[in-house]
Amino acid sequence: MGYIFWSIVAVLIPCLLAGMRADSIGTDVAVYAKPLFDVAHSSSSFGEFYGSGLIQYWSRADVSEFEIGYLALVWVSSRLFDSVQGLLFLTQLLVIVPIYWTLSRRGNKETLATGMCLFLFLYFNQSLNMMRQWIAMAFVFMGILGLYKKNGKAKDHIAGIVPILIGVSFHTSAVLGFVIFAIRAYIDSNAGSQLRKVALVCGIALVAILFIGPVASLLTSFGFGSYVAGYLGNQSVGIMPNQIIIRLPLIFIALLAFRRTERQDPFTAFLLCMTIVGVLLSQLTSLSDHGGRIGLYFDMFTLALPPALLRTYQNDDATKLVIESVLIVYALIYWTYFYALMGSSETVPYLAFWS
């Protein structure tokens, strides 16, 4: 009972912080969350809400342009609460619960705390701004790590795919989850060495980045033209050294975990693959401000690195303490530099809604 109680507390605290923030914390709150909530609150039915319009970027937009899952969340929130704070609380709940539940299945209480620490310092501020995408990412994370089973039956694969579909209903970019699902299945297979499979996937990702123009044209032909325009920008990729440097500690941890479990645990090979692909896709930041968001779908799997690595040091408490300390110090430095000093995601300083 103690574990359940403290788990509820651990989940509720960041959700309450998210819910009690002013609508200036996270620009997307003012861009679409609050306008959609106000329209939903004044509508008498979901159909009326769905067929309405709102002002976005000083121009009219249709409510129906947003993903149906998020619209359903807004509608339910408008029936349960009288202010947008309820929507912000439920939004964060849909981000944190899938991640917390997944990490609790991947490791013990100790590694769960480290994984959640990484989330709170690396990604929590982002999730206050990129709300729809982070809900989508959380469900992708849950499907691929929490429900998918290596060598499982058809129902196990379906269980892993359903959360990805839920994620797509909140943000269309979650279709990347199917790519990640295929990568996980490939690396879990018995086809060749783990390192060779990781190298192949990373090589394909590198080629896709180098030939981003044809990739963008292909995506446009499949109906993703608006996302191509917003995420891939000028389609001329440049090298972003800072995006590599800030991930070096995570790359090292992923390499160490892979080295210690290469033969018996394909899961660490998958995490290494996600870490490297995340670094490669982070170079898309050079295309547009939104380009780097694509890599987040891969970056976030580093949250599962603590249990993957610390499990290999079960009888070495000193080494475990060093690894945990390195991860926490890295996370603190990351948060201080990007969110507090650089103002990334526009979430610092924190202001309550009554301020």
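Me: Is W134 buried or exposed, and at what relative accessibility?
Reply: This is a predicted model, so the answer describes a prediction. A residue counts as buried when its relative accessible area is under 20%. W134 has a relative accessibility of 0%, so W134 counts as buried.

Me: How are the rings of F119 and W134 arranged?
Reply: A search of the whole structure finds 18 aromatic pairs. In the pair of F119 and W134, the ring centres are 5.8 Å apart and the planes meet at 70°. Planes over 60 degrees apart count as edge-to-face. Therefore the pair of F119 and W134 is edge-to-face.

Me: What kind of pair do the rings of Y337 and F338 form?
Reply: Ring pairs link Y330, Y334, Y337, F338 and Y339 into a cluster. Y337 counts as partly exposed at 43% relative accessibility, while F338 counts as buried at 17%. The ring centres of Y337 and F338 are 5.0 Å apart and the planes stand at 90°, so the pair is edge-to-face.

Me: How far apart are the end C-alpha atoms of helix α11, and what span should its residues give?
Reply: Helix α11 covers residues 194-210, which makes 17 residues. The expected span is 1.5 Å times one less than the number of residues. That should give 24 Å, and the end C-alpha atoms agree with it, being apart by 24 Å.

Me: Where do the buried residues of α11 sit around the axis, and what arc do they cover?
Reply: The buried residues are Q194, K197, V198, V201, C202, A205 and I209. They lie on the same side of α11, because they cover an arc of only 125° around the axis. On the other side, R196, I204 and L210 are exposed.

Me: Which backbone oxygen does the side chain of S77 reach?
Reply: S77 has its place in helix α4 (residues 68-80). S77 is buried, with a relative accessible area of 0%. Beyond its neighbours within four places in sequence, S77 is in contact with F37, G86, L87 and L90. At 2.8 Å, the side chain of S77 reaches the backbone oxygen of L73.

Me: Which residue in β2 stands opposite L54?
Reply: Strand β1 (residues 53-56) pairs with strand β2 (residues 59-62) in the antiparallel sense, over four bridges. L54 and Q56 form the covered face of β1, whereas G53 and I55 form the uncovered one. Across in β2, the residue opposite L54 is A61.

Me: Which residues are in contact with T261, leaving aside its neighbours within four places in sequence?
Reply: T261 lies in helix α15 (residues 248-261). T261 is buried, with a relative accessible area of 5%. Once the neighbours within four places in sequence are left aside, the contacts of T261 are T268 and T312.

Me: How far apart in space are T261 and F89?
Reply: In sequence, T261 and F89 are 172 residues apart. In space, the distance from C-alpha to C-alpha between T261 and F89 is 39 Å.

Definitions and conventions:
Residues numbered from 1 in each chain as written. Predicted model: local features only at pLDDT ≥ 70, side-chain atom pairs only at ≥ 80, totals over all residues. Heavy atoms only, no water. Helix = DSSP H or I, 4+ residues; strand = E, 2+ residues; numbered from the N terminus. Buried < 20%, exposed > 50% of the residue type's maximum accessible area, 1.4 Å probe, protein only. Contact = heavy atoms within 4.5 Å. Arc of directions from axis to C-beta. Polar contact = N/O pair within 3.5 Å; in protein donor to acceptor, adjacent residues only side chain to side chain. Pairing = 2+ DSSP bridges. Phe/Tyr/Trp six-rings, centres within 6.5 Å; stacked < 30°, edge-to-face > 60°.
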